Amino acid sequence: MTKLPPCPTCKKPSVFDFRPFCSKRCADIDLARWFKGDYRIEGDAEPENKEELFEDE
Ligand SMILES: [Zn+2]
């Protein structure tokens, strides 16, 4: 038996049939996140605004 990493969606032990998820539902949730672009928004902040944030003086 191979140890599987925990489900990325709910952190429960994943199931071989649905790896790396624990269920079809969690796989769908993760897919939905990708389609909505949730993963993009976080790392895709506007660089111009970031520079302004560092100007404390
Ligand atoms: Zn899960």
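A: Let's start with Thr-9, which sits in the segment before α1. Helices here are DSSP runs of H or I with at least four residues, strands are runs of E with at least two, and both are numbered from the N terminus. Please keep in mind that this is a predicted model, in which local features need pLDDT of at least 70, side-chain atom pairs count only at pLDDT 80 or more, and totals for chains, interfaces and linings use all residues. Residues are numbered from 1 along each chain as its sequence is written.

How open is Thr-9? It is partly exposed, because 19 other C-beta atoms lie within 10 Å. The cut-offs are these: a residue is buried if 20 or more other C-beta atoms lie within 10 Å of its own, exposed if 12 or fewer, and partly exposed in between, with C-beta atoms placed from the backbone. Leaving out residues up to four places away in sequence, Thr-9 touches Phe-21, Cys-26, Ile-29 and Asp-30. Touching, or being in contact, means that the C-beta atoms of two residues, placed from the backbone, lie within 7 Å. Phe-21 is 12 residues from Thr-9 in sequence, and their C-alpha atoms are 7.1 Å apart in space.

Now look at Leu-4, also in the segment before α1. Leu-4 counts as partly exposed, because it has 15 C-beta neighbours inside 10 Å. Its contacts, again not counting residues up to four places away, are Pro-13, Ser-14, Phe-16, Arg-19 and Pro-20. Between Leu-4 and Cys-22 there are 9.9 Å from C-alpha to C-alpha, with a sequence separation of 18 residues.

Pro-20 belongs to the segment before α1.

The next stop is a pair of lysines. Lys-11 is found in the segment before α1, and its phi is near 70°, a positive value in a residue other than glycine. Lys-11 counts as exposed, because it has 11 C-beta neighbours inside 10 Å. Lys-12 lies in that segment before α1 too, and it is exposed, with 12 other C-beta atoms within 10 Å. Beyond four places in sequence, Lys-12 touches Pro-6, Cys-7 and Cys-22. Lys-12 and Ser-23 are 11 residues apart in sequence and 9.8 Å apart in space, C-alpha to C-alpha.

The 13 residues of α1 should span 18 Å, and its end C-alpha atoms are 18 Å apart, which agrees; the expected span is 1.5 Å times one less than the number of residues. The number of buried residues in α1 is 1, so the helix lies largely in the open. After α1 comes Gly-37, whose phi is positive, near 85°.

Finally, step back to the whole protein. It has 3 helices and 0 strands, in the order α-α-α from the N terminus. Buried residues make up 9% of its 57 residues. The mean pLDDT is 79, and 61% of the residues reach 70 or more; pLDDT is the predictor's confidence in each residue, from 0 to 100. Among the elements, α1 (residues 24–36) has the highest mean, 92, while α2 (residues 38–43) has the lowest, 56.
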